[in-house]
Amino acid sequence: MELRQRLRELAKFESPDAPVVSLYLNTEWADEQQRERVRIFLKNALAEARARAWADPDDLDWVERQGRALIEREAFEGANGAVLFACRAANLREVTPLRVPFDDTFVVDARAHVRPLAGIIDDTPPTLVVFIDGASARLIALDPTGVAGEAELQSEVLPRHKAGGWAMLAQSRYQRHILEHREQHFEAVATAITAWAERYQVRHLVLAGEPRAVASLRKHLPETLVARIVGTVPGARHENPATIAERAAHVVARVEQQTDEIGAEQALAEAMGGGPAVAGVEATVGAVNRNAVQHLYVLGTFREPGAVCQACGALQRGVHFTCPFCGRATRTTELGEALVERVLASGGEVTTLEQHRPLADRGGLAARLRYAA
């Protein structure tokens, strides 16, 4: 199942019989000391959960086994992190590897803790990295979990002679034959890219290789794919594909950050101008309660106490014991997590920004709406 769709399902998930254990582990480390810090984090979190009887002991045991396997690189060796959800009573136990690092987090609650995962998925859209030269190509499809697909294309094009005889062949049919085959090579690669872009629902395209080869490939790509090219990176045929993919991932990260900042600024401007957007905590909570939010922008540091009605599901800012809409009892919640869950469950999008001064000035929340407020 596509991870974004799974995220929406988890946002709707609630276990009435037993709590859900959510664990985010950062498995990107440069030395053994960093690995040991992750071991200690997991050990302490599980010890506290067991001492306070927060969760089903079987779920905690399962999380411990899976966490240790990740830390010792016995599972998902190439991942830089992983998220685990466990609730035996609801038949929920899953591990998802992720290609980007994040903060270690351990949460036990009635619902799966999805806010960090939502931010990771938003920051790592499906991307196709293409290395190209005059006789070969490599396609690497990236998604939030890592490499979703990889293929190498090899042409039968003969290489250009570096010395001796090339000048004499310059006007010959032989050289024209080679050049024609090179064009056929670029056309074949472009066809493969088109198919892979559809298969993996690619949002971004990053090209790698010498400038001349990259320029030749661009000429053969349809305009719809050229529009998705967000940058180029150096690359050579002898390089490890993972190295090229990492360069491309940095390009995509910069593009996504810029896109997120522009989106938040546009939402704030529309809210100030009376358009289909809201800004500020109270206005955003109200829009979420109406299921009117199409795209939520939230600062990663936003944390506030909140309450959710156990009957109608209405959210409130602050601590309340009764719902102002139906008068029924409420339960406490972390407002940021609850807003993210509600927007995802209703089919909306969520963007998390680590820093954004204009958004911070409005309380850390803004949203574009499906219809005018």
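This is a predicted model: local features need pLDDT of at least 70, side-chain atom pairs count only at pLDDT 80 or more; totals for chains, interfaces and linings use all residues.
Residues are numbered from 1 along each chain as its sequence is written, and side-chain values use heavy atoms, leaving out hydrogens and water. Local features need pLDDT of at least 70 and side-chain atom pairs count only at pLDDT 80 or more, while totals for chains, interfaces and linings use all residues.

**View 1. The buried side of helix H1 (residues 3–12).** Here Leu-3, Arg-4, Leu-7, Arg-8, Leu-10 and Ala-11 are buried (under 20% relative accessible area, 1.4 Å probe, protein chains only). They share one side of H1 because their arc around the axis is only 165°. Their packing partners include strand E2 (81–87) and helix H10 (335–345).

**View 2. The start of H1.** Look for Glu-2: one of its side-chain oxygens comes to within 3.1 Å of the backbone nitrogen of Arg-4.

**View 3. Cys-312 and Cys-323.** Cys-323 is buried at 4% relative accessible area, whereas Cys-312, at 45%, is partly exposed (between 20% and 50%).

**View 4. The largest nonpolar core, with 42 residues.** Such a core is a set of buried Ala, Val, Leu, Ile, Met, Phe, Trp, Tyr and Cys residues joined through side-chain atoms within 4.5 Å. Leu-296 is among the residues that touch the most other members, and H10 gives the most to this core, six residues. Beyond its neighbours within four places in sequence, Leu-296 is in contact (heavy atoms within 4.5 Å) with residues including Leu-339, Val-340 and Val-343.

Conventions. Helices (H or I, at least four residues) and strands (E, at least two) are DSSP runs, numbered from the N terminus. The arc is that of the directions from the helix axis to the C-beta atoms. A polar contact is a pair of N or O atoms within 3.5 Å; within protein, one must be able to donate a hydrogen and the other to accept it, and residues adjacent in sequence count only if both atoms are side-chain atoms. A disulfide is a pair of cysteine sulfur atoms within 2.5 Å.
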